Amino acid sequence: MGSYSSYDDASLFSFLKDDDEKAFTELYDRYWKKLLVRANLLLNSQEDAEELVHDIFVSLWNKRAKLNILHSFHTYIAAMLRYGCFGVLAKRRHLRMKDMAGKELEAADLSTQQWLDFKDLREELEMAVSRLPEKCRLIFRLSREQHLSDKEIAQELELSVNTVRAQMHRALQKLKTEINFLFFL
């Protein structure tokens, strides 16, 4: 193969699935800096951003043979970054809350307020989930509450894996629209 820079992302991803390290390197070179800048903006930490981008590419390499991208590679890797950032922010929040647990009464009052805020958010999320169409709601609950894989859900409901993925995508889009502020914590 000639220069990999002339290939589009879809072709490079196809080569990557066949264990082509040069295709991986080309995708890495195309995206690492963009991802790093975006992660740094979202996380406000160069160290956390670098670690997250590294983890994304390690995961991409390790799961290359099993990955199926429904849309573009750009969309897929951007989603990996977004969900990775959510994970880092949630971990930070968890650590902050854990640190607060040992503080004095003032911190207890703050923890109580945060717990009440969390309870309110949880109720809003539950109401939004209950407004999903029946099939979307069932698939969402099996995925998120019972932690079943797309394949397991498909087998249990006698659906195709693509139908399960489409319904999950639909559910997540509707929830994102209804509770948009949860994505900007």
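The model is predicted, so local features need pLDDT of at least 70 and side-chain atom pairs count only at pLDDT 80 or more, while totals for chains, interfaces and linings use all residues. Residues are numbered from 1 along each chain as its sequence is written, and side-chain values use heavy atoms, with hydrogens and water left out.

The structure holds 10 aromatic pairs, where rings of Phe, Tyr and Trp (its six-membered ring) pair if their centres lie within 6.5 Å, and planes under 30 degrees apart count as stacked, over 60 as edge-to-face and the rest as tilted. Tyr28 is partly exposed at 33% relative accessibility, and Trp32 is partly exposed at 31% (buried means under 20% relative accessible area, exposed over 50%, partly exposed in between, with a 1.4 Å probe and protein chains only). Both belong to one aromatic cluster, formed by Phe24, Tyr28, Trp32, Phe57 and Trp61.

Turning to the glutamine, Gln167 has its place in helix α8 and is buried, with a relative accessible area of 13%. Leaving aside residues up to four places away in sequence, Gln167 touches Lys135, Cys136 and Ile139, contact meaning heavy atoms within 4.5 Å.

Note on methods. Helix = DSSP H or I, 4+ residues; strand = E, 2+ residues; numbered from the N terminus.
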